[in-house]
Amino acid sequence: MNASRTARERVRAELIKEITDIARRHLATAGAPGLSLRAVAREMGMVSSAIYRYFPSRDDLLTALIIDGYNALGEAVERADAACARDDFTGRWLAVCRAVREWALAHPHEYALLYGSPVPGYAAPQDTVAPAVRDTAVYGRIVTDAHRAGRLVPPPICPPPPAVLAEDAEVVRSLMPGVPDDVVTRAIAAWTGLFGMVSFELFGQFNNTITHRAELFDHNVTCLGRLLGLPE
């Protein structure tokens, strides 16, 4: 009985992988709003009713793709950070930034699903939260490690954050414990600046304007690291 159950579980896992692989290809042609369980079933040669055994609705399939995407990006970021010396805080930051860009360029449609326009009618469930912060958690550790080592020295070019942001800073500080509000707000600026650069490149805003995109990217994320206070 156990062997039979294991075989069924293996077949189920293989079918789920095939469904999600086909769905990722459909993202490239139909986009997330146009994703259709019936179309995926048709490509698999499966009756449409059968696919509902694996994904009861389109939103369940979207959720699986979103979780897979966040985990893949998070793994790429974790791997990039792990390859750096622990006390090379600037090197870790740059490696993480480059990992985000490289993953996005290699998986543009998955990146668009995660960071593009919201899918009408879709509300991400709680299951997506932990995968979504895998990459941010790495970034938070870099900031925290640099702060604890006394190597994070933000330049005096920004005003203190307004008091009204203290509550929001406290929420973000769960990813970078012990870091002061000024650094938290700079960290938010640096992280969103990173994704802004990636999104502009991926979604065509640099077309006919920026040719040397990798060089511009490296320069700008280096500047963002300096704003944050990472060492030169």
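These exercises work through a predicted model of one protein chain.

**Exercise 1. Find how many helices and strands the chain has, and describe its extent and burial.**

Step 1. Count the elements. The chain has 11 helices and zero strands.

Step 2. Read them in order. From the N terminus on, the run is α-α-α-α-α-α-α-α-α-α-α.

Step 3. Turn to the extent. Along the principal axes, the C-alpha atoms fill a box of roughly 65 × 50 × 35 Å.

Step 4. Check burial. The chain has 232 residues, and 41% of them count as buried.

Step 5. Look at contacts between residues at least 6 apart in sequence. Of these, 71% join residues at least 24 apart.

**Exercise 2. State which elements have the lowest and the highest mean pLDDT.**

Step 1. Start with the whole chain. Its average pLDDT is 94, and 98% of the residues score at least 70.

Step 2. Go to the elements. Helix α1 (residues 2–30) has the lowest mean, 85. Helix α5 (residues 89–106) has the highest, 98.

Step 3. Recall the caution. Where pLDDT is low, predicted coordinates should not be read in detail.

**Exercise 3. Classify the packing of α6 against α10 as parallel, antiparallel, perpendicular or oblique.**

Step 1. Locate the helices. Helix α6 covers residues 108–115, and helix α10 covers residues 181–202.

Step 2. Take the geometry. The angle is about 130°, and the axes lie 11 Å apart.

Step 3. Apply the cut-offs. Roughly perpendicular ends at 115 degrees, and roughly antiparallel starts over 145. The two helices are therefore oblique to each other.

Step 4. The crossing of α6 past α10 is left-handed.

Step 5. List the residues that meet. From α6 come P108, Y111 and Y115. From α10 come F195, V198, S199 and L202.

Step 6. Six are nonpolar, one is polar and none is charged.

**Exercise 4. Decide whether D81 and A85 are buried, partly exposed or exposed.**

Step 1. D81 lies in helix α4 (residues 58–82). A85 sits in the loop between α4 and α5.

Step 2. Judge D81. Its relative accessible area is 4%. Buried means under 20%, so D81 is buried.

Step 3. Judge A85. Its relative accessible area is 44%. That falls between 20% and 50%, so A85 is partly exposed.

Step 4. Find the partners of D81. Leaving out residues up to four places away in sequence, D81 touches R86, R92, V96, V138 and I142.

Step 5. Relate A85 to V138. They are 53 residues apart in sequence. In space, their C-alpha atoms are 14 Å apart.

Note on methods: Residues numbered from 1 in each chain as written. Predicted model: local features only at pLDDT ≥ 70, side-chain atom pairs only at ≥ 80, totals over all residues. Heavy atoms only, no water. Axes fitted to C-alpha atoms, helices over the stretch in contact; angles between N-to-C directions. Helix = DSSP H or I, 4+ residues; strand = E, 2+ residues; numbered from the N terminus. Parallel < 35°, antiparallel > 145°, perpendicular 65-115°, else oblique. Left-handed = near helix turned anticlockwise from the far one by under 90°. Contact = heavy atoms within 4.5 Å. Nonpolar A, V, L, I, M, F, W, Y, C, P; charged D, E, K, R; others polar. pLDDT = per-residue confidence, 0-100. Buried < 20%, exposed > 50% of the residue type's maximum accessible area, 1.4 Å probe, protein only.
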